[in-house]
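Hi,

Here is the structure I promised to pass on. Have a look at it first, and then read my notes on the salt bridges below.

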Amino acid sequence: MDIETPKDALNREAGLKRPSRAEAEAAIRTLIRWAGDDPAREGLQDTPARVARAYEEFFRGYAEDPEDILTRTFEEIEGYDEMIVLRDIRLESHCEHHMVPIVGVAHVGYLPDKRVVGISKLARVVDAYAKRLQIQEKLTAQIANTINDVLQPRGVAVVIEAGHECMSTRGVHKTGVAMVTSRMLGAFRDNPSTRREFLAMISNRRSVTVET
């Protein structure tokens, strides 16, 4: 699969002329008419504006550079070189084929090499790519590749588990089905014991109690 680098994708997207808000709302009115309803009726009069605002939230990832999110790192880690895992990161995206939701969780792990990044930055990278029109396979690879390219760790692992409404609300209408994708780089690809440790950590879903 040909996966664009973050910079390539951003450059290509920057070259597209973005329609105005008025043009976007006019397009939504057209879709309402095509669906068989009247965009002028009371309940739908404000819908085009609402949908346009929702799209700004759904697809805000196009305005973010995932590489920049990871640029601030920390080197004072007292020699820590074990696995760092952030699991169960809520993920909300949209299928690029039908523009319906993809909802699930992402698990991200890496083996640091002299520097680490704040854990919230890992979640922000997931969001920066998820808040775009996506397919899950590409999304998984983009997250892993960016962490690997910027942090240059000894290994990166990303697993995504998600449900796709293009499968549950249309087409075959199969509910309760989850798609699982993974991308293993470095030690996670080359060392079976490292990969097994990561998979065991994300499979253990017992809640962690923090005493205060």
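First, the term: a salt bridge here is a side-chain nitrogen of Lys or Arg within 4 Å of a carboxyl oxygen of Asp or Glu. Keep in mind that this is a predicted model, where local features need pLDDT of at least 70, side-chain atom pairs count only at pLDDT 80 or more, and totals for chains, interfaces and linings use all residues. Residues are numbered from 1 along each chain as its sequence is written, and side-chain values use heavy atoms, with hydrogens and water left out.

So what turned up? The structure holds 10 salt bridges. In one of them, the side chains of E56 and R21 pair up at 2.6 Å, N to O. E56 sits in helix α3 (residues 47-58) and R21 in helix α2 (residues 21-35), so this pair ties together parts that are 35 residues apart in sequence. (Helices are DSSP runs of H or I, at least four residues, numbered from the N terminus.)

How open are these two? E56 is partly exposed at 41% relative accessibility, and R21 is also partly exposed, at 36%. For the cut-offs, buried means under 20% relative accessible area, exposed over 50%, and partly exposed in between (1.4 Å probe, protein chains only).

Another salt bridge joins D88 and R87 at 3.9 Å, N to O. D88 is partly exposed at 35%, and R87 is partly exposed at 25%.

Then there is R90 with E92, at 3.0 Å, N to O. Here R90 counts as exposed at 53%, whereas E92 is partly exposed at 35%.

One last thing: salt bridges with shared partners link R21, E25, R29 and E56 into one network.

Cheers

Conventions: Helices (H or I, at least four residues) and strands (E, at least two) are DSSP runs, numbered from the N terminus.
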